[in-house]
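Hi everyone, thanks for making time for this. I'd like to walk you through a structure I've been looking at, so let me put it up on the screen.

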Amino acid sequence: MSLTGKHILSSDQFDRPTLERLFELADLLRPVARGEQVTRVLEGAVMGSLFFEASTRTRLSCDSAFMRLGGSVSHSTGFAITSISKGESLADTSRVVSGYFDIIVMRHPEEQAVYEFAAATNIPVVNGGNGAGEHPTQALLDLYALSREFGRVGRTIDGARVALVGDLKHGRTVHSLVKLLSLYRDLTIVCVSPAELPMPGELLDLAARRGHRVEQTDSPKQGLPGADLVYTTRLQTERFADSVAPYSEEFRVDAALLAEVGGPDTVIMHPLPRDSRPGANDLSTDLNRDPRLAIFRQTDSGIPVRMALFASVMGVEGLIAESLRPATWHRPEYIGPDDAPFYRNHGA
Amino acid sequence: MSLTGKHILSSDQFDRPTLERLFELADLLRPVARGEQVTRVLEGAVMGSLFFEASTRTRLSCDSAFMRLGGSVSHSTGFAITSISKGESLADTSRVVSGYFDIIVMRHPEEQAVYEFAAATNIPVVNGGNGAGEHPTQALLDLYALSREFGRVGRTIDGARVALVGDLKHGRTVHSLVKLLSLYRDLTIVCVSPAELPMPGELLDLAARRGHRVEQTDSPKQGLPGADLVYTTRLQTERFADSVAPYSEEFRVDAALLAEVGGPDTVIMHPLPRDSRPGANDLSTDLNRDPRLAIFRQTDSGIPVRMALFASVMGVEGLIAESLRPATWHRPEYIGPDDAPFYRNHGA
Amino acid sequence: MSLTGKHILSSDQFDRPTLERLFELADLLRPVARGEQVTRVLEGAVMGSLFFEASTRTRLSCDSAFMRLGGSVSHSTGFAITSISKGESLADTSRVVSGYFDIIVMRHPEEQAVYEFAAATNIPVVNGGNGAGEHPTQALLDLYALSREFGRVGRTIDGARVALVGDLKHGRTVHSLVKLLSLYRDLTIVCVSPAELPMPGELLDLAARRGHRVEQTDSPKQGLPGADLVYTTRLQTERFADSVAPYSEEFRVDAALLAEVGGPDTVIMHPLPRDSRPGANDLSTDLNRDPRLAIFRQTDSGIPVRMALFASVMGVEGLIAESLRPATWHRPEYIGPDDAPFYRNHGA
């Protein structure tokens with residue numbers, strides 16, 4: 001399935017061959033993402049970055065990805081206070097700004113808005129998060145990061161045991177991830193959440209229908225042993241109005257828990273941000289120098305994955321390889337001071 | 001008249017040969033505006049985009065135009081909350097930021113501010129809207145779009161019958177347009193507005209003095225028949241404090257009205273945004289697939305016209321033709337799904 | 001001392017040979033800063049501009065400097081309202097965004113934040129102002145501008161008599177400047193401030209320890225005679241809570257005062273913004289056409305100095321000379337209408 005000229009609105013759009021082609025392209029683009037190589041394949045193209053709801057990291061990551069392809073970015077976070085308050089329909093707004101840009105990334109707090117917006121334009125629209133709905137580029141980067149982590153230790157996603165931990169009811173990241181994981185074969189998906197915050201039934205059904213084993217538990221100590229991946233999430237307090245007690249201490253994923261239930265190659269992921277305040281029962285900072293903690297390699301993956309996606313949607317993926325040239329500026333060996341223990345063992 | 005190095009503050013600055021040269025350059029730049037060709041003639045130049053008042057579409061359109069010429073854009077919407085609150089004069093602010101940029105686009109809610117700002121710098125300043133004053137780049141794009149629409153059906157602006165409809169008192173767009181239209185010959189300008197919202201007398205005088213026929217009516221059904229252009233506007237509720245009743249239903253320009261008073265080649269324009277809320281008596285969405293509705297071709301014209309203006313002010317207009325190269329990314333055939341009926345008949 | 005790959009957090013980091021190398025590079029980059037030449041030595045690199053506190057001019061100046069080196073800039077002023085409110089540590093934020101960018105400029109209202117941020121990343125972090133702390137790029141541009149002003153009249157910084165005037169207690173600019181000036185030899189530093197707003201004792205000690213003469217007075221008429229530099233500052237009302245009466249009229253530096261105490265080559269500087277409201281006892285606008293008023297040449301210096309700093313930190317300083325090409329767009333002879341009297345005598 002070619003992505004050229006397509007809107008990217010949902011993780012449902014992808015099939016496995018498309019994912020694999022995208023990830024190969026992301027591999028090719030990693031040196032560009034790391035500032036070691038340069039490509040200018042989109043020089044002259046302009047992306048509109050329209051955030052109807054604030055999201056610093058998604059916005060900055062998309063900016064960087066498009067700029068590293070050679071393109072320029074113009075962005076707005078202020079639509080609400082201008083045209084739309086004058087009675088303009090979202091369809092009109094979409095058609096108007098589509099005349100400015102070659103591609104649009106948008107985030108909107110209302111789930112339907114991105115579909116309405118995309119229906120009014122033939123310029124490709126990439127969903128940067130639509131309320132409680134989807135965040136497909138996050139799901140893609142998660143899966144890409146996972147495939148690379150597994151690849152390093154000789155595993156594949158097929159056949160893996162995957163533990164999803166935390167607020168599985170509200171976390172849209174984890175919902176999109178289940179959809180993408182379901183495209184693979186023979187997984188065991190262990191849903192570990194407080195009883196009040198379970199994975200939605202339709203996603204459990206989807207996974208089961210595609211032939212995966214699904215298990216549910218409210219106990220991390222029972223769900224985590226044997227997991228190849230532990231994917232933890234933050235309590236999405238801003239996404240639901242009904243007061244829910246925060247996780248119990250059991251949901252704190254830290255060095256002590258991993259010593260008990262982790263294996264030598266267990267991969268620890270988290271969509272970030274994680275709550276590092278005292279008393280937060282989230283992923284602990286005491287794992288920061290543990291090479292199994294893949295969270296920063298995971299977020300770093302956003303750049304090559306979004307580059308690959310933009311290049312594919314713009315139809316220039318075939319021009320990348322020949323366009324690469326070495327960067328001439330200095331780059332540090334590792335991005336973060338805590339990254340060294342991992343890279344000493346595994347290489348870049 | 002050369003525009004090189006000039007401030008662009010008012011529609012009054014233009015004469016007809018300058019407009020015609022600008023529009024020829026805009027024609028040359030259309031494939032760049034549409035993402036079909038690339039030029040990098042301003043590579044290395046930096047535009048400052050200073051919006052002391054929010055205006056998403058003007059800002060994004062200027063961004064895109066300058067970026068498509070190869071330049072970079074840095075923008076601010078937050079001046080009010082920093083230096084100026086510390087007692088800095090607008091003249092100092094202007095002189096300081098002029099040291100950063102090669103050209104400045106600014107919008108300011110106070111009519112005099114852009115003149116004060118421009119007086120303190122030799123770096124070209126382009127007025128992106130000064131309160132109730134002018135919005136010259138909007139006027140230029142309107143006129144350019146109109147000349148292209150007329151050109152397609154073998155008409156010229158000279159000799160045309162032009163109906164201006166709606167709030168003619170507060171609409172700065174329509175004021176600037178009258179000034180530019182007056183540079184042409186032998187027009188009939190029909191001002192169609194509620195009695196309380198008439199075209200200002202000095203503009204009627206200007207048009208009459210330049211030899212045009214001017215008519216006034218408060219009835220669309222009387223004013224529109226025979227018009228080559230119907231230019232509708234939105235009630236500028238945010239520009240006046242005195243409460244004015246919204247337009248009556250008569251001012252709703254829709255398929256029914258056009259069936260009664262329109263001709264086969266009547267061009268329908270609107271500066272946008274239009275009010276599409278239920279009960280709004282603005283330009284109706286039921287015309288969206290009517291090829292006579294030129295509003296999106298009109299807004300699309302903003303990119304080539306602003307490119308032509310920036311290139312002229314920066315003095316690089318003579319370098320454009322030889323600088324063009326084909327873009328390598330995919331572009332949709334039409335920007336909007338509703339654009340097809342028009343382009344099937346008229347071509348791009 | 002090489003700056004390649006280094007964080008730039010404090011004026012304390014610099015020694016005199018490093019300053020001199022930086023200023024030579026700034027001299028080489030002046031034609032690029034002025035839009036007369038183009039370099040693309042950082043084409044493909046992306047800077048993150050993270051302003052946790054608003055600062056229009058620092059942000060725009062850094063944007064322009066990085067863009068004029070060929071790089072792209074993505075910026076955010078909205079961190080406070082997204083990740084950090086979800087409990088993310090500054091260390092996590094730093095590590096995450098470091099995966100997007102090749103260099104980061106940040107401003108933060110809390111003095112320690114920039115150190116915390118920098119400690120969590122190997123990507124170079126440039127301090128764009130940390131609360132009441134430091135603003136090293138401002139100090140560098142001040143010193144560079146001063147060395148050029150002195151150079152024009154055949155003076156050196158070594159041996160000069162320097163009067164610092166105004167609120168010397170809260171002005172972080174003037175604190176950083178004292179640190180840098182102390183790297184030179186044999187200065188007389190005259191601190192002229194109201195008795196309640198003195199230069200901090202540790203800075204007076206530093207200057208004395210490095211062999212400079214230090215004088216203190218609360219009377220501009222006593223402190224200014226014989227000064228080679230008069231560096232005036234604005235009352236930093238936003239930096240201190242305790243109510244302090246504004247300066248007395250004596251602290252108004254204007255044509256009358258200079259006629260009494262100034263010499264023919266006295267250089268007048270000010271970090272800007274200056275308070276030009278009626279009754280403000282700041283640097284007066286009646287000096288605007290006095291060639292000794294160096295404030296706009298001073299602010300203009302920010303572009304070449306920040307370019308030189310970014311190029312050095314990115315390790316591309318050796319590639320600049322061969323990369324320069326002439327710009328093809330029009331530039332005004334002088335940036336400001338009042339600049340002519342100076343440039344007629346001194347050349348660009």
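Predicted model: local features only at pLDDT ≥ 70, side-chain atom pairs only at ≥ 80, totals over all residues.

Now over to chain A, for another positive phi. Leu272(A) has phi near 60°, and Leu272(A) is again a residue other than glycine. Leu272(A) sits in the loop between S10 and H10 of chain A. What about the surroundings of Leu272(A)? With 22 other C-beta atoms within 10 Å, Leu272(A) is buried, because the cut-off for that class is 20 or more.

Stay with that loop for a moment. The peptide bond that joins Leu272(A) and Pro273(A) is cis, with omega at about -5°. Pro273(A) belongs to the loop between strand S10 (267-269) and helix H10 (295-300) of chain A. If you look at chain C, you'll find a cis peptide bond from Leu272(C) to Pro273(C), with omega near -5°. Pro273(C) lies in the loop between strand S10 (267-269) and helix H10 (295-300) of chain C.

That brings us to how the chains are arranged. Which rotation superposes chain A on chain C? A rotation of 120° does it, with 0.0 Å of shift along its axis and an RMSD of 0.0 Å. The two copies are therefore related as by a three-fold rotation axis. If you want to find that axis on the screen, go to Ser72(A): of the residues of chain A, Ser72(A) comes closest to the axis, with its C-alpha at 4.6 Å.

Last stop, the contact between chains B and A. Here 33 residues of chain B are in contact with 37 residues of chain A. On the chain B side, helix H2 (56-68) and helix H10 (295-300) each supply at least two residues. The largest share comes from H2(B), with eight residues. And what is the make-up of the side of chain B that touches chain A? Its residues divide into 15 nonpolar, ten polar and eight charged.

That's my tour, and I'm happy to go back to any of these places with you.

Key:
Residues numbered from 1 in each chain as written. Chains lettered and ligands numbered in written order. Contact = placed C-beta atoms within 7 Å. Helix = DSSP H or I, 4+ residues; strand = E, 2+ residues; numbered from the N terminus. Nonpolar A, V, L, I, M, F, W, Y, C, P; charged D, E, K, R; others polar. Buried ≥ 20, exposed ≤ 12 C-beta atoms within 10 Å, placed from the backbone. Least-squares fit on C-alpha atoms with pLDDT ≥ 70 in both.
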